[in-house]
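Open the model in your viewer and keep the selection tool at hand.

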Amino acid sequence: MIGPPANSVDWMRRLVIGLTLMWVGVIVWVVACRIGYPLELEWMEGGSLLQALRLQRGQAIYPAPSIEYIPFLYTPLYPLVLAALGQVFPLDYALGRVVSVVAVVAICSALWRAVRREGKPAAHAWSAVGLFLSGYVFTFRWFDLARPDSLALAFTLWATVLLRDGWGDRRKTLLAGLLMAAAFWTKQTSSAFVVAGTLGGLWVAPRHVWLYVVAIAAVAGGGVLWGQAATDGWLWTYIYELHQTHAFNSERFTTKTWGMFLHASPFVALFLLGWAIRFWSPWWLATRRFDRGERRRLWTVLRAHRGLGYWGVLAAAGLLVSALGYSTQWAEPNAFLPGVCFVAVFVAVSLPVGGRVEIVGLGLVAAQLLFALIAEPIYQPIQNHGLSALARSYVWQDPWRTLPQARSQARARDLRAELRSGGRVFALQRPWWSVIAGGPGHVGSMNLSDVQLDDRKKLRRNIAQAIEEGEYAGVWLEGEAPKWLRRALGSTYTLRRRWTGSQRVRPLVGYMSEAGMVTPYRAPQVEFRLPQRRQAPPGTRVIAGFEDGTAQGFTLRGAAFGRGPVRSMHRKLPAIGPLGGEYLLSSAAARRGLKAKGEARSPAFVLPAKGGKLELLLGYAGRRRGLEVMLVKQWGDDTVALLLGGGEWGLSPLSWRVPKEWSRQSVRLVLVDADAKGAVFVDDVWAVPAATRHEETQD
């Protein structure tokens, strides 16, 4: 039988190389756009930087938990690298990302080396690189973050590449062990590859694998023993014991992980299925039970394919590590990185050379590279509704879900500049913001979730006490204030701003990001500040400011307005602001919150002459249908309605220019809440004479 022309194989090889180079270009573009982003790309990046900063300061990175610091539950090599480089370069997000990008380059070079070592053509080595890079979106856009994952994977992969060359080469075997120990000290989940590497080493370097094991035992095991003594036992607590308190999601382990891999890489799955049938069919089709002769033939084949068996073991280990990692509480799909990487090696090593089978194999690789370039897998519809939702489980790739747009870049730059000049801050979900603002750093919300319940309660009390004592100029939160912080925060601070929708400065990856949430993240971004009174323009007559805590002559009817003014945070409602000081008048002040109804009437006051203005802070929450704010003449039936603005739970300045017919009239300000699903808020009612022009007007 005449095989396909040689140029068909060459053409397919060039296609795979071209698609891989396209992926290289995509990743370079993404990195160039993201590496200098001024704030977090992923919400936990700052915690890694804080560990590095403590190392630079000579402080312990595995101390007893405190409100100043709790480490992430990782081994310390990544922050050690950052701390060392931070002596030369600025210690910031960009430096952490550069380390990860260099690690990705190292991974790609190791992939190339692994495949070429098995005598495969260059196109096959390119396919390994392409398959790894094409997993960028599937693994949650994690390659270039200031996190330890990429560095740990680089150490792990290079260790296995060198161990593959360990037959007759003690130095490479020893270096493989040292690199695997470095992988453990970067992220302890790499320990699974210690076992897999040992099993593989018995196959490819049986005489020297003991050097690999001894090196790991000395550096990793000995290091843990030394670390335990140096940290008074806290090292093991953080890198092992606290991990055991995290819940294990058995559905993710038994079902979802494998479904997600299949869903994201259907052409790789087809290749592996075809390879398995081709490799095993001579024995499987002959008989369902191996006799001695067939077992001997199988052993001969396996010995002739040591590299294939070796990388098969490691690919299986990579998938197992991915499943275990993703099944742990709070895990995200970055856990799939080892599976994507080692399966890429195995596929490339498994590719046949020559003939139609190579064309088919390379065709499936090319299809996967192109598929990942144009389609983003979203597995949740299948998990919720089964295969009937398959069509809805893929969307077109959208670069702007990955890349910061000009507007978000500008907002992040402006916020960073503001943090630098705004005084000491406490940012519960963004601890590095404290350092940007000139502070020492502090514990983060993820750190609080990691520790034991008793420690968590104690630390929350300590944080609440520090906030109640006003130790910070500002407090930043993602979402509304948690229950344990509400009383302390509400007694000392007022809401300065509430950002919603596109106003928020969110991460671009993982939790809170648009790309990382199955259900879109809707929570606002809020900032609290110590109360500061607004200064009225010269000549202004203050009708009401409520700063003495009384209603200042307002007549309150019904239950809604309670007994008088309230602080920014009251009842179980979201905080209201920004205020003109510490207090406002709210129709959600009663025990029933939004459900209560009522009316508030100001004492009579005289409006300025024509051209003057009535200025006030006005806002609302919930439904506006039954809410009214109006000016009513003291004598006569004339009224004018004032528009509610400020957005939900927000107050915004409103100016009403006094027309001729209202000039110097005696009026009352009336607030009506006749809606069981809404509330109205008011603060700083000012009568401004005509000479003052400083805000927008409402005619």
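A salt bridge here is a side-chain nitrogen of Lys or Arg within 4 Å of a carboxyl oxygen of Asp or Glu. The model is predicted, and it holds 28 salt bridges.

Select Glu478 and Arg430 to begin: their side chains meet in a salt bridge, N to O 3.3 Å. Glu478 is in strand S4 (residues 474-478), while Arg430 is in the loop between strand S3 (425-427) and helix H19 (432-436), so the pair ties together parts 48 residues apart in sequence. Glu478 is buried at 10% relative accessible area, and Arg430 is buried at 1%.

Next, select Asp144 and Arg34. Their closest N and O atoms are 2.9 Å apart, in a salt bridge. Asp144 sits in the loop between helix H5 (122-133) and helix H6 (149-164) and Arg34 in helix H1 (residues 6-34), so this pair joins parts 110 residues apart in sequence. Asp144 counts as buried at 3% relative accessibility, as does Arg34 at 0%.

For a network of salt bridges, select Glu418, Arg496, Arg497, Glu527 and Arg529, which are linked in one.

Now show helix H9 (residues 209-230) and helix H10 (residues 234-241). Their axes come within 6 Å and cross at roughly 125 degrees, which means that H9 is oblique to H10. At the contact, Gly223, Val224, Gly227 and Gln228 of H9 meet Trp234, Leu235 and Trp236 of H10. These residues divide into four nonpolar, three polar and no charged.

Finally, zoom out to the whole protein: its secondary structure comes to 22 helices and 18 strands, and 55% of its 699 residues count as buried.

Methods. Residues numbered from 1 in each chain as written. Predicted model: local features only at pLDDT ≥ 70, side-chain atom pairs only at ≥ 80, totals over all residues. Heavy atoms only, no water. Axes fitted to C-alpha atoms, helices over the stretch in contact; angles between N-to-C directions. Helix = DSSP H or I, 4+ residues; strand = E, 2+ residues; numbered from the N terminus. Parallel < 35°, antiparallel > 145°, perpendicular 65-115°, else oblique. Contact = heavy atoms within 4.5 Å. Nonpolar A, V, L, I, M, F, W, Y, C, P; charged D, E, K, R; others polar. Buried < 20%, exposed > 50% of the residue type's maximum accessible area, 1.4 Å probe, protein only.
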